[in-house]
Amino acid sequence: MALALTIAIEVPIVAAVFEGQRRRMAWTCLLATGLSNLAMNALLPRLFGSYDDFFLVGEVAALVAEGVCYIAASSPRDV
């Protein structure tokens with residue numbers, strides 16, 4: 001449920017921000033968000049004992065990873 005809600009919110013925002021590349025960036029968002037959500041829910045809970053540590057590290061890692069994906073996928077004029 002959380003993944004579906006996140007995708008429903010983030011994909012239209014990313015598509016709106018990257019006007020010249022809506023389709024490519026929407027797919028990039030979908031892939032990056034899906035992979036970061038999978039990593040956060042499948043991998044990180046095993047590495048951290050407390051929920052606070054897991055949540056903080058997961059959100060920061062997702063932010064950085066998704067940002068890198070957007071930079072890699074976008075044209076220079078849109079970054």
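1. Helices (H or I, at least four residues) and strands (E, at least two) are DSSP runs, numbered from the N terminus. By this definition the chain has four helices and zero strands, and the order of its elements from the N terminus on is α-α-α-α. The model is a predicted one, in which local features need pLDDT of at least 70 and side-chain atom pairs count only at pLDDT 80 or more, while totals for chains, interfaces and linings use all residues. Residues are numbered from 1 along each chain as its sequence is written, and side-chain values use heavy atoms, with hydrogens and water left out.

2. Overall dimensions and surface. Taken along the principal axes, the C-alpha atoms of the chain fill a box of roughly 45 × 25 × 15 Å. The accessible surface of the chain comes to about 5500 Å², and 70% of this belongs to carbon and sulfur atoms. Such areas come from the Shrake-Rupley method with a 1.4 Å probe; for residues, only the protein chains shown count as cover. A residue is termed buried under 20% relative accessible area, exposed over 50%, and partly exposed in between (1.4 Å probe, protein chains only). Of the 79 residues in the chain, 28% are buried.

3. Contacts along the chain. A contact means heavy atoms within 4.5 Å. Among contacts between residues at least 6 apart in sequence, 57% join residues at least 24 apart.

4. Helix 1. This helix covers residues 2-17, which makes 16 residues. From its first C-alpha to its last it reaches 22 Å, close to the 22 Å expected at 1.5 Å a residue; the expected span is 1.5 Å times one less than the number of residues. Which residues of helix 1 are buried? They are V11, V14 and A15, and they pack against helix 2 (22-42) and helix 4.

5. Helix 4. Residues 51-73 form helix 4. Helix 4 has 23 residues and reaches 32 Å from its first C-alpha to its last, close to the 33 Å expected at 1.5 Å a residue. Its buried residues are F54, G58, A62, E66, Y70 and A73. An α-helix has 3.6 residues a turn, so residues three or four places apart point the same way. The cover over the buried residues of helix 4 includes helix 1, helix 2 and helix 3 (44-47).

6. A32 lies in helix 2 and counts as buried because its relative accessibility is 8%. Not counting residues up to four places away in sequence, A32 touches E66 and C69. A32 and V68 are 36 residues apart in sequence, yet their C-alpha atoms are 9.4 Å apart in space. S36 also lies in helix 2 and is buried, with a relative accessible area of 13%. With neighbours within four places in sequence left aside, S36 is in contact with A62 and E66.

7. L30. This residue is found in helix 2. Is L30 buried or partly exposed? At 33% relative accessibility, L30 counts as partly exposed. L30 touches I7 and V11, residues up to four places away in sequence not being counted. By contrast, the C-alpha atoms of L30 and F48, 18 residues apart along the chain, are separated by 26 Å.

8. The cysteines. A disulfide is a covalent bond between the sulfur atoms of two cysteines. Here a disulfide is taken as a pair of cysteine sulfur atoms within 2.5 Å. By this rule the count is zero. C29 is buried, with a relative accessible area of 0%, whereas C69 is partly exposed at 32%.

9. The surroundings of C29. C29 is found in helix 2. Leaving aside neighbours within four places in sequence, C29 is in contact with E10, V11, V14, G34 and Y70. The C-alpha atoms of C29 and V11 are 5.9 Å apart in space, and the two residues are 18 apart in sequence.

10. A nonpolar surface patch. L56, V60, L63, V64 and V68 form a nonpolar patch on the surface, with about 490 Å² of accessible area together. Patches are made of residues with over 30% relative accessible area and no salt bridge; like charges are joined within 9 Å, and nonpolar side chains (Val, Leu, Ile, Met, Phe, Trp, Tyr) within 5 Å. A salt bridge is a side-chain nitrogen of Lys or Arg within 4 Å of a carboxyl oxygen of Asp or Glu. L56 lies in helix 4 and is exposed, with a relative accessible area of 54%.
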